[in-house]
Amino acid sequence: MTKWEVYTVMKISQLGYTIRESVKNLWRNRLMSFASMSSVAATLLILGIIFILILNISSLAQGAKDQFDTIQVYLVDEVDGQQVENIGEKLYELEGVKEIYFETKQEALSKMKMEWDENGYLLEGLEENPLPNSYIVSLYDIGYAEYVVSEVRMISGVEEVKFHQDVVIKIIEVANYIKNIGMVIIFVLVAISTFIIHNTIKLAVNARKREIGIMKYVGATSWFVRWPFLLEGTLLGMFGAVLAIGVLHIGYSYTYSLFTSKFYVLIAAYLVSAKTVTSDLLIIFMVIGSGIGALGSLLSMRRYLHV
Amino acid sequence: MIRMVGVSKRYSNGMLAVSDINLNVEKGDFIFLVGPSGAGKSTVIKMLLKEENCTKGRMYVDDMEITHLHRRRVPFLRRKMGVVFQDYRLLPNKTVFENVAFAMEITGATAREIRKNVPMILSVVGLADKQKCYPNQLSGGEQQRVSIARAMINNPPILIADEPTGNLDPETSWDIMKILKQINRRGTTVVMATHDKDIVDIMQQRVVALENGRVVRDEMGGLYGYED
């Protein structure tokens, strides 16, 4: 073999050609470009919706867990300060207890007033504070709950033990269930949409197989032919991603503001804000979109390059 | 310039398209490849372009063996051979200028070289005023002249023409032949497969006749020799 050639993947002089060519082709085949872009956007949009749902459900579940994760130990009104301390020590010695907090009758009342918010004035009419003193016990793990609850019940001076174990477990169960279903749906969707996108791009490339063949006859290397197509696919994928992000952002901002302003504010506190979601998704979607686009065009044109 | 030694080609369906061909084309030759349909003309051209590989024998182009050429070197072989097809094979989305420029772009030519050389070759084939037209705005003869311009823009030592006049009327065909002869006169080796009896008889060039995949006649200043 003689010193005919040095082949590099792309020469600098080819860069200008590649960019010009891919932009021109995007425009010249704008119908196909639009079709490919739309299918990428549609896929990512659905993906994004499910993603946002999962994100919010996890956040809600976490919030609910934090709220119900503690054991409240109400004390009999008659116990004095020394006894209260003794009970606290006993509680702290139990296995699995992370920390304890003593909540006085007064604190309990003012907390309740806070929670009742506008209706708090109703509590002002009380002659005597009906709320008991209590210990709030938080655990290392919810698995200790049953044991701790049964031990605490035996301590004298304890009136009642409140623990929403069943609620917490239910919430975790439901959240996990939804997460798993979401994952399955995402997986199926990605598979379906990859197929659709692959086909759309294949159609677009197929319309140009003659073109590819001619280029090869004139002596173009495979990579020379490939680069503009690759860039085209990548650009289409990115446009699709931006489109999807735009729609998601507008849609989710609207929903989010609905929740925070009109609906239940307590739920809204646990929703993930629109800004966080879209800035997170932007990078992920750009990568997925351009990846699908590039891979799609590479795979679709492969067989036409062997001329 | 082109040498084929005992070349055979059997397609994967078992058909023997070319059988034991020996051919030697010198630099500056003008040869006609003639013969009835299915005689193997197209297969010979496909093997020269490495669209197909021969299954037996050895092939050389420009003193280099191309019998077993790596797929990635094929484009560089093709740049030594301008190719002209019966159906022109122009890129439909590109203007006349862009079609010719493309052949330069693949070699990494600069924009300045392209701007200088493309109009020059277009005026050689008489299309200086059609640079901005798209192929579908041109007549068959004009399209073929664009494809000749594209084939010759990088000054390849060999021009391969596969039935270049097959879709053209006799008068236009002669215009094309004049251009090909002119290219040949400047030292380019021309290999032309054709069915056109009149052209072969009048041009008085070397004629290689194929039948059933074999060379049955190879003579200087020959005639077409078939009645179609």
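The model is predicted: local features need pLDDT of at least 70, side-chain atom pairs count only at pLDDT 80 or more, and totals for chains, interfaces and linings use all residues. Residues are numbered from 1 along each chain as its sequence is written, while chains are lettered from A and ligands numbered from 1 in the order in which they are written.

In chain A, four strands form an open, antiparallel sheet in the order β2-β3-β1-β4. Strands (E, at least two residues) and helices (H or I, at least four residues) are DSSP runs, numbered from the N terminus, and two strands pair if DSSP finds at least two bridges between them. Because β2 (97-103) and β4 (158-162) of chain A stand at the edges with a single partner strand each, one side of each has no neighbour in the sheet. From one strand to the next, the twist averages 20°; axes are lines fitted to C-alpha atoms, for helices over the stretch in contact, and angles run from 0 to 180 degrees between N-to-C directions. Five bridges join β1 (residues 70-75) and β3 (residues 134-139) of chain A in the antiparallel sense. Within β3(A), I136(A) is the bridge partner of Q72(A).

Helix α3 (residues 81-93) of chain A packs on this sheet, touching β1, β2, β3 and β4 of chain A, and its direction makes about 160° with that of β2(A). Helix α5 (residues 145-154) of chain A lies across β1, β2, β3 and β4 of chain A and runs at about 165° to β4(A).

The contact between the chains takes 18 residues from chain A and 18 residues from chain B, two residues being in contact if their C-beta atoms, placed from the backbone, lie within 7 Å.
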